[in-house]
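Subject: Handing over a structure

Hi,

Here is the structure I promised to pass on. Could you open it and keep it beside you while you read the rest?

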Amino acid sequence: MDSDDEQTIPLSQRPEWADVKPVPQDDGPNPVVPIAYTDEFRETMDYFRAVYLSDEHSSRSLQLTSEAINLNAGNYTVWHFRRLILESLNADLHEELDFVENIAKKNSKNYQIWHHRRWLAEKLGPDAAFREIEFTKKILSLDAKNYHAWSHRQWVLKTLGGWEDELEYCNQLLRDDIFNNSAWNQRHFVVTRSPLLGGLDAMRDSEVDYTIEAIITYPENESSWRYLRGLYKNDLKSWVNDPRVSSVCLKILSTKTRCIFALSTLLDLICHGFQPSPEYEEAVNALPLQRSDVGPSSSSLAETICSVLEAIDPLRGNYWNWRKEQLPALVT
């Protein structure tokens, strides 16, 4: 009889559990809102409490935790006890990875699963890196925004290695979906953390070119604009003085595209010292807008940009008005 068939038989009818007295859950004499547990769940947890209280680290206890986890994969105590048993039995942790992967198919956002997975990877060491990276790739192919998978993947890279193909993985994700903000975030993580790439200073030039191309292709993609700004972290002067940054703003606006991100980036550049040529003002003034929405002519390009943003981004209209009020102190 295999384990799946065995799990359909009540524990009280299995010979190997005949010596165990189940421990019922104690909800007190007058429970206010008793939970309507299934008979299977109640019995499984009653037997689990028995082996847990007796601290029984045995094969049958390990199997019992499997059954309990299948019924409720979020029970921290069961997972914790399972780890104690695995250590005591010197169990095959590669088999345990198979168990976790099977549970994760239906519970990919369960904290306990990812905590357990990390514990296993720590025990197995660098040899587990490839499998963990492939595991997260499977999860992300189903849900590209799964925070737990991304967090685990980054931990694996930092702790166990496996950086070799990570930038190309980001490339592939962004080819599939340029709006995938998680992939942009991972790209920044790789560029700034990978020991194989030389750091942000070494990668900035090529990354700016890559991002500019992405922006030109999809100007309304906020992720690529945010990524571009992040490439100049702690180096504001280079951001302001890199002609590619201001030029992409002009390129987008010159097509008469009312791009909030191009306008806000240009505004930030001006506030930090960028001196725009007349063609920038021409591009902004040529945007297809009702002049009555923008208001009277402004005394500076920065003020005009704030007025335009108030008109095309009404959700943050008060913010852009506030930015306009701050301009005299920021723009000389």
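Below is what turned up, going from the whole chain to single side chains.

First, the ground rules. This is a predicted model, so to speak of a local feature we need pLDDT of at least 70, and side-chain atom pairs count only at pLDDT 80 or more, while totals for chains, interfaces and linings use all residues. Residues are numbered from 1 along each chain as its sequence is written, and side-chain values use heavy atoms, with hydrogens and water left out.

**The whole chain**

The chain has 19 helices and zero strands (DSSP runs numbered from the N terminus: H or I of at least four residues for helices, E of at least two for strands). Its radius of gyration, taken over C-alpha atoms, is 29 Å, whereas a compact globule of 332 residues would come out near 20 Å (the globule rule is 2.2 Å times the number of residues to the power 0.38). Along the principal axes, the C-alpha atoms fill a box of roughly 90 × 50 × 30 Å. Buried residues make up 46% of the 332 (buried is under 20% relative accessible area, exposed over 50%, partly exposed in between, with a 1.4 Å probe and protein chains only).

**Aromatic rings**

Rings of Phe, Tyr and Trp (its six-membered ring) pair if their centres lie within 6.5 Å; planes under 30 degrees apart are stacked, over 60 edge-to-face, and the rest tilted. That rule gives 15 aromatic pairs. One of them is Trp17 with Tyr47, an edge-to-face pair at 5.8 Å centre to centre and 75° between the planes. This pair links distant parts of the chain, 30 residues apart: Trp17 is in the loop between α1 (3–7) and α2 (39–53), and Tyr47 is in helix α2. Trp17 is buried, at 4% relative accessible area, and Tyr47 is buried too, at 6%.

Trp150 and Tyr169 make a tilted pair, 6.4 Å centre to centre with 45° between the planes. They sit 19 residues apart, Trp150 in helix α8 (residues 147–160) and Tyr169 in helix α9 (residues 166–176). Both are buried. Phe48, Tyr52 and Phe81 form one aromatic cluster.

**Charges over rings**

Here the test is NZ of Lys or CZ of Arg within 6 Å of the ring centre and within 35 degrees of the ring normal. The charged end of Arg187 sits over the ring of Tyr210, 3.6 Å from its centre. Arg229 lies over the face of Trp239, at 4.2 Å from the ring centre.
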